[in-house]
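This report looks at selected local features of one protein model, going from backbone geometry to side-chain surroundings. The sequence and the structure are shown first.

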Amino acid sequence: MPIDGDSQPTSPVKAKAKKNRISSGFFRFVVTRFLLIIPTVFILVTVVFFVMRATGDPISAALGGRLAPEELQRRIHAAGYDRPLLVQYLSYLSDLLHGNLGTTLTDNQPVSSILTQYGAATLELSILSLIVALVVGIPLGRLAARYRDRASDAAVRVFAILCYATPVFFLGLVLKLIFSVWLGILPSSGRSSLSSTIQFDRLVSPTGLYIIDAFQLGNMQVLGDVLLHAILPALSLGLLTAGVFIRLVRTNVISTYTSGYVDAARSRGVSEGRLLSKHAWKPALIPIITVMGMQIALMLAGAVLTETTFEWKGLGFMLAQYLKARDFVAVQGIVILIAIIVSVVNFIVDIVSAMIDPRVRY
């Protein structure tokens, strides 16, 4: 029978009560973190709204100088941008609650359709880049920690510095130069070739995720074409994050690898490989997972430059186009969506951290 700290048997009733307390504590933690998303998104929406209005109304910013003054004023009045700023803000919040993000000024499309159409491309690129970052960053970080201060550790650290110190657009251009221009083995731009795009247009219910859509077609040639187009953008964005992961994994594994309980396990004859995989790795996961969540936000920011470099038509590419056109309605909608994604990702990271280490909940 289980024994507590006073060497007294723990009754099933007490054990059940303790389990219920843990469950209720975790539930409160999840609810609290979820509710924090609301004020976070509200503050971000507010900041974005007023920053976008800092240079005047969006119509004058996008179309000023291209329309007659009378036509410009007519459009401003029709859109309600001549109302007091506070009234515009309250109206915008009301529209947001009803799922209305407005209409783009340059091409007269609902912002929601822009997010739906191009969001899948950014999601696909982010997932592929994260896979690259994890596949490269975690094993190399663990390798550097295990062989600390040796030649392999030094080589890995130099590689990590090069990864996160190189601007993502410059790395993209270098990769294009090597693999597209010099070697000619990988495509330099786009998400797929023209023939594959025509195939996707035939789908009744496309997801916008080309890899999944290729499976829907059942065409392995199209799938191969999509993957070839994704290699260079995913490497450019993924290696940037991989450099951060390498340094983070190395530092945290070393700190746990040299702790007292690992030394105790080593004294019992536990192999170095098992020490790393079983004793040092799990305690090092908490800060690693936390920073990974923060890196998602940086990855989405890096997607703007990556998509522009490779003409990968996602939200980052469209954001750059709408910024050039000064279409602040579209920019506002895209930025708000990215802010919501970052908030949700951080919420998920908090939950995963709490599941790994119960101390995070308190």
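Predicted model: local features only at pLDDT ≥ 70, side-chain atom pairs only at ≥ 80, totals over all residues.

The phi angle of D149 is near 65°, a positive value in a residue other than glycine.

A second case is R326, which has a positive phi of about 55° although R326 is not a glycine. R326 lies in the loop between α13 (315-324) and α14 (328-356), and with a relative accessible area of 38% this residue is partly exposed.

D213 belongs to helix α9, which spans residues 210-217. The residue is buried, yet D213 has no salt bridge, and the nearest side chain of opposite charge, that of R191, is 6.6 Å away. That separation does not qualify as a salt bridge because the criterion requires a side-chain nitrogen of Lys or Arg within 4 Å of a carboxyl oxygen of Asp or Glu.

When residues up to four places away in sequence are not counted, D213 touches F200, L203, P206, T207 and G208.

## Charged ends over aromatic rings

R191, named above as the nearest side chain of opposite charge to D213, also takes part in an arrangement with an aromatic residue: the charged end of R191 sits over the ring of Y210, 3.7 Å from its centre. A further arrangement of this kind involves K176, whose charged end sits over the ring of F310 at 5.7 Å from the ring centre.

## Aromatic pairs

Across the whole structure, a search finds six aromatic pairs. One of them is formed by F49 and F50, whose rings are 5.2 Å apart from centre to centre, with 85° between the planes, in an edge-to-face arrangement. The pair is classed as edge-to-face because the angle between its planes is over 60 degrees.

Methods:
Residues numbered from 1 in each chain as written. Heavy atoms only, no water. Helix = DSSP H or I, 4+ residues; strand = E, 2+ residues; numbered from the N terminus. Buried < 20%, exposed > 50% of the residue type's maximum accessible area, 1.4 Å probe, protein only. Lys, Arg positive; Asp, Glu negative; His and termini not counted. Contact = heavy atoms within 4.5 Å. Phe/Tyr/Trp six-rings, centres within 6.5 Å; stacked < 30°, edge-to-face > 60°. Lys NZ or Arg CZ within 6 Å of the ring centre and 35° of its normal.
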